[in-house]
Amino acid sequence: MSDFDSELDASGLNCPLPILRAKKAISAMEAGQTLRIIATDPGSVKDFEAFCKQTGNELKSSGEENGKFVFLIQKAA
Amino acid sequence: MQHRLSGPERRESILSAAQGLFASKGFHGVSVDEIARAVDVSPAILYRHFDSKQTLYNAVLEKFSCQRQSYVDTIVNHGTRFEDALAGMTQVYISGIAENPDILKIELHSLLEGNPATQAFFQNRWKSFTDYIEFGLNEYLPYDIPNREKIILSAGLMFQGMIREVLIQKCLQPQDRLVDLSLYELSHELVTLFLHSIGINKTQLSRKARISG
């Protein structure tokens, strides 16, 4: 079983598109569900930290896989 | 007696002087000696803070790369409608340049100088807009319209040219005929014209022109 409910590939996209798409995706999810985001923009690490801080959603993990940045965000209740 | 600057203060004074000189003369038009003279230090002191002119130049550019946080704020606070996010991003971008037109001057110099690293920095700033516009139009323009791909690519270019020109006109060479319109009013009108030109009006925007996840 995967540790996320939905996935968003924002590879190749520049700030703020990954954030915008993540916001839209999360708005369609249930509270407690987790979104996995893949991005290639190095600045997205700080962007998603700021995004979660502001929205109250939880940044469960933030790391690199195969040269891409991968984030798990759980929607706040 | 002259106040002796701390390390961070000295670094900041060098950065500030370098910014002004790079803005007026470009990267190649300024020497390390000239920057050192402007802050009344020896080149050796300057090299203690920045090991090369390129490092110093990059540090000046780095000061201007703080807009990301504002873009995130815009997206969080403005909703996900195409027009709202585009207007919010434009506001952030022009505010940054209105507060410090040196970045626009440095960009224009870099276009002529052809330094790949610098050009990448500025292209990346515009890419936030062109990516956003291309992505949005790709989702919402009907698939059967003629020259669809060309329209999408041209729209991003059109927006970039429009905003860059209004910044030049208002921040670098104020024109009498535009004196009654503020930078913000002009950019608002241009964004509205842009949206009309790509076939999006406010009615359509509020109904369907949203970026989906």
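The model is predicted. Chain A has two helices and four strands. From the N terminus on, these elements run β-α-β-α-β-β.

**Overall form of chain A**
- The radius of gyration of chain A is 11 Å, which agrees with the value near 11 Å for a compact globule of 77 residues.
- Along its principal axes, the C-alpha trace of chain A spans about 30 × 30 × 15 Å.
- Of the 77 residues in chain A, 38% are buried.
- Take the contacts in chain A between residues at least 6 apart in sequence: 61% of them join residues at least 24 apart.

**Helix H2 of chain A**
- H2(A) covers residues 44–55, 12 residues in total.
- From first C-alpha to last it reaches 16 Å, close to the 16 Å expected at 1.5 Å a residue.
- Its buried residues are Ser44(A), Asp47(A), Phe48(A) and Phe51(A).
- Seen down the axis of H2(A), the buried residues fall within an arc of 90 degrees, so they line one face of the helix.
- An α-helix has 3.6 residues a turn, so residues three or four places apart point the same way.
- Gly56(A) follows H2(A), and its phi is positive, near 85 degrees.

**Contact between chains A and B**
- Chain A puts 21 residues into the contact, and chain B puts in 19 residues.
- On the side of chain A that touches chain B, helices H1 (17–27) and H2 each supply at least two residues.
- H1(A) gives the most to that side, with eight residues.
- The residues of that side divide into 12 nonpolar, four polar and five charged.

Key
Residues are numbered from 1 along each chain as its sequence is written. Chains are lettered from A and ligands numbered from 1 in the order in which they are written. This is a predicted model: local features need pLDDT of at least 70, side-chain atom pairs count only at pLDDT 80 or more; totals for chains, interfaces and linings use all residues. The expected span of a helix is 1.5 Å times one less than its number of residues. A residue is buried if 20 or more other C-beta atoms lie within 10 Å of its own, exposed if 12 or fewer, and partly exposed in between; C-beta atoms are placed from the backbone. The arc is that of the directions from the helix axis to the C-beta atoms. Two residues are in contact if their C-beta atoms, placed from the backbone, lie within 7 Å. Ala, Val, Leu, Ile, Met, Phe, Trp, Tyr, Cys and Pro count as nonpolar, Asp, Glu, Lys and Arg as charged, and the others, Gly among them, as polar. The radius of gyration is taken over C-alpha atoms; the globule rule is 2.2 Å times the number of residues to the power 0.38.
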